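Me: I've got a structure open and I'd like to learn how to read its ring pairs and helix contacts. Can you walk me through it?

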Amino acid sequence: MQTEKEDEEDSSPEEYVALCSFTGSDSDQLTFSSGDRLLVHAKTSSDWWWAELQGVKGYVPACYLQQGAAEEEEDASLEDPWQDEEYFGSYGTLRLHLEMLSDKSRTEAYRQVVLSNSASLRSKVVMDLGCGTGIISLFCAQLAQPSVVYAVEASSMAEYTRQLVKQNGCEEVVTVLQGRAEEIELPEQVDVLVSEWMGNCLLFEFMVESVLLARDRWLREGGVMWPSSAALTLVPCQADSYFAEKMAFWERPYGLDFTPLQPLAQQEFFTKPKFSHLIEPDDCLSTPSDVISLDMYTLQVKDLEEITGQFQFCVTKSGFFHGFTAWFTVYFESLGTGGSTVELNTGPNSEPTHWKQTLFMLDRPVSVYSGDTISGSVLLCRNPVWRRHMTVTLHWKINSSTEETDNCQVGTKSFPMWR
């Protein structure tokens, strides 16, 4: 593979700067640190480039690189690192709102939170941040008796939200404010800050930053956050059908040997997470475990730059270890003393949500056996330039419980998460 790339190399390579660290998981991938300067010789695909660092050549993920310091400063001045035009533009159309409102598990969870706290919400001041079509605000107005609900929406959907509020007779309670959370002004502090800010793998798109800034600015002392806490759950898993579809397919299609395409398939299909994955409970090789927990009262914006968690799984069924699957759960504490906590779980043992789960594939499957242990860490590293993006890095070690296999196998893989 390296010889082929050398044949394709450009005569004058371009210098790029690494935005964050990357650990190559294969022999033909480079490992580099944030701030390293790499020479890109060939842009072999939109995702992977052939580059050089200190005389060593290999593949690098294109999304980790930014061209030169001067170009980086110029791009930063010309482009919005939050990509607000694209982000809020997508929420100005009905496609995403239809998807979210059609998600009964998600929407009913928020409805249940309001309903179960209806008495305690009486005369309270509520902020619904990122309200979209205003469904949560309308729940508050119709199921409880708050004094006011400030429905905050930055996208152009806010114009329609005002119409929906009036259409449903809630204009005396719900006030729609169009603008970013960082810029809007309220006439008073709020008792409750509610928001549906979660993204794939919990944090993707980082709407949570806006929630934290609104909390620090507008939530009164002793006020309540909904969700109040959140957890990211991980499990080692099998993914036989996905592996067969994307990798094993190339072994003998139509009776022909297409295996030379398998390295390309690995680069194309397994280097990014698979969103909207639905894992079957039987594909879990161990009992799932919460690896990251967030307290929405104490979490700070600076904490979002790097969040890490540890795991240790005991394999409960023998099979092929294809990768890890992640999902999240959020919790809504009761306003009243002794009230029950409402939970929204996006895992495989709950009703499916529009988030589904996120699959992280290893480069190649590993046979594991009941009694083996898989331990390691997960790191969520926020992109230092493009603020809605992040990289998930998984480190794992397999300790075998049998004498027939290697006693220990170690692996590391980084997955860029961006659209």
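Me: Are F328 and W355 buried or exposed?

Reply: Both F328 and W355 are buried. Keep in mind that this is a predicted model.

Me: How is a pair of aromatic rings described?

Reply: You give the distance of the centres and the angle of the planes. Here, F328 and W355 sit 5.1 Å apart, centre to centre, with 75 degrees between their planes, so the pair counts as edge-to-face, the label for angles over 60.

Me: Which parts does that pair tie together?

Reply: F328 belongs to strand β15 (residues 319-332), while W355 is in the loop between β16 (342-345) and β17 (357-368), so the pair links parts 27 residues apart in sequence.

Me: How many aromatic pairs turn up in the whole structure?

Reply: The search finds 16 of them. Ring pairs also join F311, F313, F321, F324 and W396 into a cluster.

Me: On to helices. How do α5 and α6 run relative to each other?

Reply: Look at the crossing angle of the axes. For α5 (residues 104-116) and α6 (residues 135-143) it is roughly 30 degrees, and the axes come within 9 Å. Angles under 35 degrees count as roughly parallel, and therefore these two helices do too. The crossing of α5 past α6 is right-handed.

Me: Which residues make the contact?

Reply: From α5 you have T107, Y110, R111, V114 and L115; α6 brings in I135, I136, F139, C140 and L143. By type, that contact splits into 8 nonpolar, 1 polar and 1 charged.

Note on methods:
Residues are numbered from 1 along each chain as its sequence is written. This is a predicted model: local features need pLDDT of at least 70, side-chain atom pairs count only at pLDDT 80 or more; totals for chains, interfaces and linings use all residues. Side-chain values use heavy atoms; hydrogens and water are left out. Axes are lines fitted to C-alpha atoms, for helices over the stretch in contact, and angles run from 0 to 180 degrees between N-to-C directions. Helices (H or I, at least four residues) and strands (E, at least two) are DSSP runs, numbered from the N terminus. Angles under 35 degrees count as roughly parallel, over 145 as roughly antiparallel, 65 to 115 as roughly perpendicular and the rest as oblique. A crossing is left-handed if the near helix is turned anticlockwise from the far one by less than a right angle, and right-handed if clockwise. Contact means heavy atoms within 4.5 Å. Ala, Val, Leu, Ile, Met, Phe, Trp, Tyr, Cys and Pro count as nonpolar, Asp, Glu, Lys and Arg as charged, and the others, Gly among them, as polar. Rings of Phe, Tyr and Trp (its six-membered ring) pair if their centres lie within 6.5 Å; planes under 30 degrees apart count as stacked, over 60 as edge-to-face and the rest as tilted. Buried means under 20% relative accessible area, exposed over 50%, partly exposed in between (1.4 Å probe, protein chains only).
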